[in-house]
Amino acid sequence: MSLLIEASDFFVRDQVKKLIKVQFFLVCIVSVCFLVFGGAVNGLSALAGGLIALVPTFLYGWRIGINPEPSPWEAYRGQIKGQIWKYFSTAIFFTFTFVIFESVNFLALFSSYIAALLVYWAALVNCTEEA
């Protein structure tokens, strides 16, 4: 049983699960590129930036998926709680990254972070094209 992304165990909806998979794939590509062309510090910085985006997305998806069939009010509260978890965990992960790593490449860190967040926009464009 996988602890990372298991819809039946964590009630993560299929859309969020797909989003997390795409983010993970993109973070891996960006991290490997920075590793190959810039060295270990750049690769680890890119990986850290990607994980700073990826883990809060997972926490948000888990939080909103706790109740599989919510009433409108419960769905709204789930969204609010999910966003709070996401913002708080993002701040914590950024803080830990800058405290733990002695040398961080900001370009690699934020490139990977932004690339992972761009997946939201791509998913939004994809959803509007299908509608």
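Which helix holds Leu51? Leu51 lies in helix H3.

## Basis of the model

This is a predicted model: local features need pLDDT of at least 70, side-chain atom pairs count only at pLDDT 80 or more, and totals for chains, interfaces and linings use all residues. Residues are numbered from 1 along each chain as its sequence is written, and side-chain values use heavy atoms, with hydrogens and water left out.

Helices are DSSP runs of H or I with at least four residues, numbered from the N terminus. Leu51 counts as partly exposed because its relative accessibility is 38%. Buried means under 20% relative accessible area, exposed over 50%, and partly exposed in between (1.4 Å probe, protein chains only).

Thr57 is also placed in helix H3. Thr57 counts as buried because its relative accessibility is 1%. Leaving aside residues up to four places away in sequence, Thr57 touches Val16, Leu19, Ile20, Gln23, Lys86 and Tyr120. Contact here means heavy atoms within 4.5 Å.

## Helix H2

H2 covers residues 14-38. Its 25 residues should span 36 Å at 1.5 Å a residue, and its end C-alpha atoms are 35 Å apart, so the two agree. The expected span is 1.5 Å times one less than the number of residues.

Buried residues in H2 are Val16, Leu19, Ile20, Gln23, Val27, Val30, Ser31 and Phe34. Gly39 follows H2, with a positive phi near 105°.

How values were computed
Helices (H or I, at least four residues) and strands (E, at least two) are DSSP runs, numbered from the N terminus.
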